[in-house]
Amino acid sequence: FVPGEIWPDTDGVHINAHGGGILYHEGVYYWFGQHMVEGRAGNRAQVGISVYSSSDLYNWEDEGIALPVSLEPGSEIEKGCIMERPKVIYNEKTGKFVMWFHLELKGEGYRSARTAVAVSDTPTGPYTYLRSERPNAGQWPLNVRVENKDFESVTKAIEAEAAQPFSGGLNIRTVQYNLLGAHFEGGQMSRDMTLFKDDCGTAYHIYASEHNATLHISELTDDYLAHSGRYVRIFEHRWMEAPAVFKREGRYYLLASGCTGWEPNAARAAVADSIFGPWLELENPCIGINPANGLGPEKTFGGQSTYVLPVEGLDDVYIAMFDVWDPGNAINGRYLWLPIDFSDQGGVGNERGFAIPWMDEWNLEDFEREHAARLNEAP
């Protein structure tokens, strides 16, 4: 892997799967992502969601468009809408491949704040679009507080939102209002997102909500096609987006970013013994400098998290996937794939964390050997 460089597929074309996620199924990795085009128009969906396949994670074959945009006026996924951060998981009970992604309706900017679902009989598709929604309408989170249900504060938040839209970044105004209560009836906002499938087969949708101020972790139904109504709020008013969740040795880990639009910021990390928490925020896991742009931990090497991939067949090897966005010419976005090291910094107090060291180039086999050696040397 050569982080930040042009990454050609087997046809010699730079891989076009941004904000992506990986599905491993029957010995093959499938990489889903946003298909970008040139210029600023590429920040909106002009083509759809692409998919690539690989048996070794280095060489990727273009499998085409898994879910194309619609050319029908008024369609929720009409060309020109925003389709971001697609993730796909397989449901053993139904035999279906289920895709969720962040959807903004055409012409609404980022005001829609919806999540959308599509389904297929095969990993590469084509996927059939089902619907979009704001999750958990009429449902309170498991960790709801009494004040969240206060009628007066709900009314005040609804009126404030109608009078002036809230910012999606760190701000004092959002903290002053009960946005959870304001969105109770219509469903909670859902922007940057990921999926996580636990060892028992239960799946979760993790997304930035309440104008990005608070993350929600929401359980999906057994068929993965809807939300069960069981969810929690975590990191209230911490403004986290770009979530990626993974599990190691029975513990749950979160990698995320702050909310600064297309501009990079410092990575966030957290750990929990249960998917619903409580979650403990850890130190910034990034170490080193990206020589191509001179950016280090304070800017996540110029990238933003999108997914963490456990590598099949290798012991304790996880890949942190980041995107380097180029909103002025979206198709020029690059990828930073870096290994996660569990033998180094990142902890808080007695809680051990993890590290993501910058590497100009690396391969899976060498990292596995070096990582194992460091773990054996650790106290």
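Ala, Val, Leu, Ile, Met, Phe, Trp, Tyr, Cys and Pro count as nonpolar, Asp, Glu, Lys and Arg as charged, and the others, Gly among them, as polar. With those classes in hand, the lining of the second largest pocket divides into seven nonpolar, ten polar and eight charged residues. Please keep in mind that this is a predicted model, where local features need pLDDT of at least 70, side-chain atom pairs count only at pLDDT 80 or more, and totals for chains, interfaces and linings use all residues. Residues are numbered from 1 along each chain as its sequence is written, and side-chain values use heavy atoms, with hydrogens and water left out.

**Pockets**

- A pocket is found on a 1 Å grid over the protein atoms alone, as an open set of points with protein on both sides within 12 Å along at least five of seven lines; a cavity is a set of points where a 1.4 Å probe fits but cannot get out, and lining residues have an atom within 4 Å of a point.
- Grid points are joined across faces, edges and corners, and a volume is the space filled by probe spheres set on the points.
- The largest pocket has a volume of about 640 Å³.
- Its lining is made of 24 residues, and Tyr24, Lys197, Tyr307, Pro310 and Glu312 lie nearest the centre of this largest pocket.
- Two or more residues of that lining come from each of β1 (18-25), β5 (82-91), β9 (193-197), β13 (241-248) and β18 (304-310); such strands (E, at least two residues) and the helices (H or I, at least four) are DSSP runs, numbered from the N terminus.
- β1 gives the largest share of the lining of the largest pocket, five residues.
- By class, the lining of the largest pocket has 15 nonpolar, two polar and seven charged residues.
- The second largest pocket holds about 510 Å³ of space.
- Of the 25 residues lining the second largest pocket, Tyr110, Gly168, Arg191, Asn212 and Glu241 are the closest to its centre.

**Cavities**

- How many cavities of 30 Å³ or more are there? The count comes to four.
- The largest cavity has about 60 Å³ of space.
- Among the residues that line the largest cavity are Gln34, His35, Met36 and Arg44.
- The lining of the largest cavity has four nonpolar, five polar and one charged residues.

**Aromatic rings around Phe1**

- The structure holds 29 aromatic pairs; rings of Phe, Tyr and Trp (its six-membered ring) pair if their centres lie within 6.5 Å, and planes under 30 degrees apart count as stacked, over 60 as edge-to-face and the rest as tilted.
- One of these pairs is Phe1 with Tyr58, which is tilted, at 4.7 Å centre to centre and 35 degrees between the planes.
- Phe1 lies in the segment before β1 and Tyr58 in the loop between β3 (48-54) and β4 (61-68), so this pair ties together parts that are 57 residues apart in sequence.
- Is Phe1 buried or exposed? Phe1 is buried, with a relative accessible area of 11%, whereas Tyr58 is partly exposed at 25%; buried means under 20% relative accessible area, exposed over 50% and partly exposed in between (1.4 Å probe, protein chains only).
- Phe1 also pairs with Trp362, with ring centres 4.7 Å apart and planes at 35 degrees, so this pair is tilted.
- Trp362 lies in the loop between β21 (356-357) and α4 (364-377) and Phe1 in the segment before β1, so the pair ties together parts that are 361 residues apart in sequence.
- Trp362 is buried, with a relative accessible area of 7%.
- Phe1, Tyr58 and Trp362 belong to one aromatic cluster, which also includes Trp7, Trp31, Trp60, Tyr335, Trp337 and Phe367.

**Charges over rings**

- Arg173 lies over the face of Phe166, at 4.1 Å from the ring centre; a charge sits over a ring if NZ of Lys or CZ of Arg is within 6 Å of the ring centre and within 35 degrees of the ring normal.
- Phe166 is in the loop between α1 (151-163) and α2 (172-175), and Phe166 is buried at 8% relative accessibility.
- Arg248 lies over the face of Phe342, at 3.9 Å from the ring centre.

**The nonpolar core**

- The largest nonpolar core has 42 residues, and those with the most contacts inside it are Trp31, Leu57, Trp60, Ile319, Trp337 and Phe354; such a core is a set of buried Ala, Val, Leu, Ile, Met, Phe, Trp, Tyr and Cys residues joined through side-chain atoms within 4.5 Å.
- The largest share of this core, five residues, comes from β19.
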